[in-house]
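Hi,

Here is the structure I promised to pass on. Have a look at it first, and then read my notes below.

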Amino acid sequence: MCLTTAFVLAVHAPHVPWSLTIAFALGLALRWWQRKHRPGKVPGWLKVPMLLFLVGAVIVQYGNVFGREAGSTLAAGLLVLKLTESESSRDARVAAAFACFLLMAALLFSQSLVATFVVALGLLPALSTWRSLEPTQITSTLPRQLLPAVVLLAVSLPLAATAFLLVPRLSSPLWGTSEQQAARSGLSDEMSPSDFTQILNDDSPAMRVTFDGPPPTNHQRYFRAFVLWNYDGENWTRVDLPEVDSLPIETAGVVNYRINLEPTHQRVLPTLDVPIQAPTQSHMRSDGEVFAEKPVNDVMDYGLRSAVNYRLEGNISADVRAQALQLPSGFDPRSHQLAAELRKRYGNDNVAIINAVLGLFHNGGFRYTLGPAPLGRNAIDDFLFSTHEGFCEHYASSFTVLMRAAGIPARVVTGYQGGYWNTMGGYLLVRNSDAHAWSEVWLQGRGWIRVDPTAAVQPQRINLGAEDAGGDQLAWYRSEWVESIRNHWDIVNRWWDKGVIGFDAMRQRGLLTPFGIRDADTGILERLLGASIALFGAVGLLWALWRRPEGDPALAAMRALERKLARAGIIRGRSEGPRNYLRRAIRALPGQRVELDHLMSRYIELRYATVEPHPESLRAFRQAVRNFQPHRVV
């Protein structure tokens, strides 16, 4: 039971405060030591203060005892406290059942393949606890206690899979998870210095993209998320622009594709730059941002059409132009001076100004790194004239400020760039580390043009990704064999997301389509579930009757000994008693007289000399039977 509890605490440790995790582990260790070395009940005057301390600690940490995090922490502490009063079989059974409930609660935080597998492993010590409480069980080693639990768990899988498929699903879950929590660091609707540092080091999948035709080239794999207009000298923020049905795009062709997006707990939907229309149950802003109707708290799959070669918004209004030229006063004077010099040098040639700034980044000693030096109040000046190092956020921000200061409308776009084409799976894997920021400038007659200043400094960022370009990743992690393992594993995760986590009520209703039933309603599913349970029950009953164990452990061990002797040619007669049978075996195997004589005396003593044999004596007899290997009779 202590092992079961320890496993539960380990599963919940990632979201339980470390101080409480240590306290729970210490309490469990003390209880194990006390039960082993100083058996006896824990006094009530000690249990009540511990309970009050637990409730108080949870309230101090979370403000209440309700909710997913607070409730799980409280339940984990209650499980540890339950062991302080577990002095009977009933208490141990209740504690094991409560431990199983807590294991299930861990799936509220993550339902990934690994998390589900770990939770399933946590059932093994709980099943072993229940089995060891049976009256006929005797003391054994831990591996021998866990092995039957593995068999039980394996046997239960077919019924569990059937229930997964046929138990009618609700259109929404019985309880929801908090929309405020984030499964991982993700893109934000604002950008400030070093915002991207955490996400650029997060190698977990962000989305998977499949295309109707060949995938776009690396230089076309820009996935737009947020468009940032306002700059206050420190932060870039977005503006709520009007919703539109489609963008004014001129394009020679479109790309059809589908995105399988991991949970972000945000409403923004990344799209290949630039989207033509928003997918269903979402809307698009006039700057190309796409937002779902509700936060993406589960894996979401949506189809899109985008243009990768386009002419966007050839004319803009005075309000949009003013918004795209806005800069705060009193910030970055040297940057404004540089922009004024460029305007004076190149006159009205905006393209020449753009190329001059890109040339500055390329030839001016700038360096791409994921660990740049900190910046001060005049962040753009510090970056351009002092540190000369940073990543995509620094280059996009400084480039956009210079464009605005030179009178060229510009804005910052954040999203993802690049990705890895998984040949086996036939999809583009985009990780969180592929997060990127770039600029868009507006040119007369050409509309909004994407300019990626990071590519001028480090072209490898576009070809290889952020981590390779930054040089911060270990070489072995990017080796060919590790990359192959990671991509094969991602295929498995994608199957799990689509086949298990994504198995909703709509997919369940179409489950029987291959059998001619286009819409499996609740009644059909219930009848199939009932029939399946009856079938599994019948199979289990037949198996139990066929392999019905002996009620007497000593007799069961004797049957095992008889089977060994029968293979050696010594078969017990129907009317032959155990003493006569074993004496005949001794005559047939004189070289093993001592072993057989010992087994005979032990069996007679266990079977006939006592009403309730001692468990240790039973264990010794069964072990002796296992160790006995008869010689074949010649």
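Let's start with Trp489, which lies in helix 17. A word on names: helices (H or I, at least four residues) and strands (E, at least two) are DSSP runs, numbered from the N terminus. Trp489 counts as partly exposed because its relative accessibility is 39%; buried means under 20% relative accessible area, exposed over 50%, and partly exposed in between (1.4 Å probe, protein chains only).

Before going on, please keep in mind that this is a predicted model, where local features need pLDDT of at least 70 and side-chain atom pairs count only at pLDDT 80 or more, while totals for chains, interfaces and linings use all residues. Residues are numbered from 1 along each chain as its sequence is written, and side-chain values use heavy atoms, with hydrogens and water left out.

**Surface patches**

Trp489 belongs to a nonpolar surface patch of about 490 Å², together with Val114, Phe117, Val118, Leu121 and Val492. Helix 6 (113-132) and helix 17 (480-501) each supply at least two residues of this patch, and helix 6 gives the most, with four. Patches are made of residues with over 30% relative accessible area and no salt bridge; like charges are joined within 9 Å, and nonpolar side chains (Val, Leu, Ile, Met, Phe, Trp, Tyr) within 5 Å. The areas come from the Shrake-Rupley method with a 1.4 Å probe, and for residues only the protein chains shown count as cover. A salt bridge is a side-chain nitrogen of Lys or Arg within 4 Å of a carboxyl oxygen of Asp or Glu.

There is also a negative surface patch, formed by Asp189, Glu190, Asp232 and Glu234. Lys and Arg count as positive and Asp and Glu as negative, with His and the chain ends not counted; the place of a charge is taken as NZ of Lys, CZ of Arg, CG of Asp or CD of Glu. Glu234 sits in the loop between strand 3 (222-231) and strand 4 (236-238).

Two strands pair if DSSP finds at least two bridges between them. Strand 9 (residues 282-285) is joined to strand 10 by three bridges, and Ser282 stands opposite Ala292 in strand 10.

Strand 2 (residues 205-211) is mostly covered, with five of its seven residues buried. It pairs in the antiparallel sense with strand 17 (residues 427-431) over four bridges, where Met207 has Val430 as its bridge partner. Strand 2 also pairs with strand 7 (residues 255-261), again antiparallel, over five bridges; there, Phe211 is partnered by Tyr257.

Most residues other than glycine have a negative phi, and most peptide bonds are trans. Where is the cis peptide bond? It runs from Asp273 to Val274, with omega near 0 degrees. Val274 is in the loop between strand 8 (271-272) and strand 9. Gln281 is found in the loop between strand 8 and strand 9 too, and has a positive phi near 55 degrees. At 58% relative accessibility, Gln281 counts as exposed. His388 has a positive phi of about 60 degrees and is placed in the loop between helix 12 (379-387) and strand 14 (389-390). His388 is partly exposed, with a relative accessible area of 23%.

Cheers
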